[in-house]
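Dear colleague,

I am passing on the structure below, followed by notes on what was found in it. Please read the notes with the coordinates open beside them.

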Amino acid sequence: MKKEFEIISQIIQNNKRVLDIGCGDGTLMEYLKFNQQNDVRGLEPQKDLVQKCIAKGLSVIEGDAEKELIQFPDKSFDYAVLSQTLQAFLFPEKVLKQLLRIGKQTIVSIPNFGYWKVRLHLLFKGTMPLTKNLPNEWYNTPNLHMCTIQDFVNFCKETNIKIDRSLCLTNEKISEITNGNLLYKNIFSQLGIFLIK
Amino acid sequence: MPSLAGLFFCLKQKMNKKTKNIKKLIVNQSLELDCGKIIKNFPIAYETYGTLNKNKSNAILVFHALSGDQFVTNINPITKKEGWWANAVGPGKAIDTDKYFVICVNVLGGCMGSFGPKEINPDTNELFGTTFPVITIRDMVRAQIYLLEYLGIDKLLAITGGSMGGMQVLQFASLYPNKTYSAIPIACSASHSAQNIALNELGRQAIMADPNWNNGNYFKTTLSPDKGLAVARMAAHITYLSKQGLQEKFGRKLQDAESLKFSFDANFQIESYLRHQGTKFVDRFDANSYLYITRAMDYFDLEKQFNGNLSLAFKNTKSKFYVISFSSDWLYPTIENKEIVMALNACGANVGFVEIDSDKGHDSFLLEVPEFLKTLSEFLNSTYKEINNEKRI
């Protein structure tokens, strides 16, 4: 399992109700359910991935988060998880609001567009950045709304979202983001993981 | 010329002979139907496949649809045709009878041995016909509980069924929140839409317009409303297919001819196909049963049973649900299946959902649709594994 999922699993711990939005083939859900006895549900737009999850015994609904999240009652999950998907929505702000409504707490991870390799790529090559985390060309990328760690922190401040924890990941190494190191982390982190409410 | 009474006796004997070898449970408890009538000592005909395991944790109750019966797979002993869900049920199939114990009951109102309009009213010693009480999906489901009691099964591994079978799944899960580990409603709806009712009414009117129907008393004559029932079946059959599926299979292909015949014979293959479906159906189905069962479907409104809040229907459920719909099904479209999913989510139930891509319309659940059969099999597998691990602890 990738480091990001390890971190998310550690935050969630045991016996919680979790909704994984854009759960893919259910790797995180599987770990949360079978290793940490969480009660987990998933939402995934791709049929083949939904069926993979079902085969693993996971309860996943085929559907698009931008349309389907309204059906879940307020605070019906301890955690709503959105892993590296926020940037792919047409209206990320609306999706985020739904997550905050459904989950008592929400875990959001974002690929950091402020990462130095991304910056250098644009600066020197003059083309849209391609990195390990952002492997697609501008014309076929699912990512519509890329942002940086700094952008996300600013957004939370402006919209009164409380950040309980912020972590970042660089080459499998995890560290905390603080007010003091934000500028630095925004350059040297590939991924930001936020626990918000 | 034989007297009417004598003729009736003949018919009765013929029918009894036909359904003699069917497994039947005579329920001697009384059951109050939704219409208020109380029935007792009524038969429910059923069939089982596979073997019930020691801890009785491998039983799957399959509910049949409008035109189905208890003979899910193998050769139906009455019609001599393959069972209606042979694609999904059998050794090595998605619902593997080498592994699971499959039960199916002919619904109340049916015509394959269960209490229905073709049975004899003990009070009058005549066939019921249209004096049979109007039954509901809820009545059908409640009647089947007696069989589970008789078989000594406290909790099923799964309940499943498509179309009207799916409605029974929903009703069962709502009535008995702790009697099944999992529930798989397929291509169905929690309440029959105006379009569904309209199409059923079309079928009923076709039967009633046949003079041989004789207000439902055709069993007292030598005639039966075959034409009406065949037309009902033809109309219904169109609703089970998709436009694209029909176009691909038949297009404008002609039947045994190079050019148009300039007549009202079956010029086109689709006409000939539908006529064949109609005629075939008449041989195995009772017209009055068709009226009663379609009525039960029309009356089905689980939402209304819970004052307009469908999620209350599943408030206490402990079952794990897997709702499946088909992309080209316009009779019970994905949106109606999704309403079930939404209601389940609204009450925090455990639910998965997928829409299977298929151009075969509503009938997809009966046909060889590999992606559907695969996911059905995998869901059952994982559920079975989970339960049996649980029991080991």
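Is Ile270(B) buried, partly exposed or exposed? Ile270(B) is partly exposed, with 19 other C-beta atoms within 10 Å, where a residue is buried if 20 or more other C-beta atoms lie within 10 Å of its own, exposed if 12 or fewer, and partly exposed in between, the C-beta atoms being placed from the backbone.

Before going further, please note that this is a predicted model, in which local features need pLDDT of at least 70 and side-chain atom pairs count only at pLDDT 80 or more, while totals for chains, interfaces and linings use all residues. Residues are numbered from 1 along each chain as its sequence is written, and chains are lettered from A and ligands numbered from 1 in the order in which they are written.

Ile270(B) belongs to helix H7 (residues 269-284) of chain B; helices (H or I, at least four residues) and strands (E, at least two) are DSSP runs, numbered from the N terminus. Leaving aside neighbours within four places in sequence, Ile270(B) is in contact with Leu246(B) and Phe250(B), contact meaning that the C-beta atoms, placed from the backbone, lie within 7 Å. Arg252(B) is 18 residues away from Ile270(B) in sequence and 8.0 Å away in space, C-alpha to C-alpha.

Helix H8 (residues 287-299) of chain B has 13 residues and reaches 19 Å from its first C-alpha to its last, close to the 18 Å expected at 1.5 Å a residue, that expected span being 1.5 Å times one less than the number of residues. Because 11 of its 13 residues are buried, H8(B) is largely enclosed by the rest of the structure. Its buried residues include Tyr290(B), Leu291(B) and Tyr292(B), and what covers the buried residues of H8(B) includes helices H2 (137-151), H3, H4 (194-208) and H5 (226-240) of chain B.

Strand E10 (residues 180-186) of chain B is mostly covered, with 6 of its 7 residues buried. Strand E9 (residues 156-162) of chain B runs parallel to E10(B) and is joined to it by 6 bridges, with Leu156(B) partnered by Thr180(B); two strands pair if DSSP finds at least two bridges between them. E10(B) also pairs in the parallel sense with strand E11 (residues 320-326) of chain B, over 3 bridges, and there Ala183(B) stands opposite Phe321(B).

As for chain A, its secondary structure comes to 8 helices and 8 strands, and 44% of its 197 residues count as buried.

With best wishes

How values were computed
Two residues are in contact if their C-beta atoms, placed from the backbone, lie within 7 Å.
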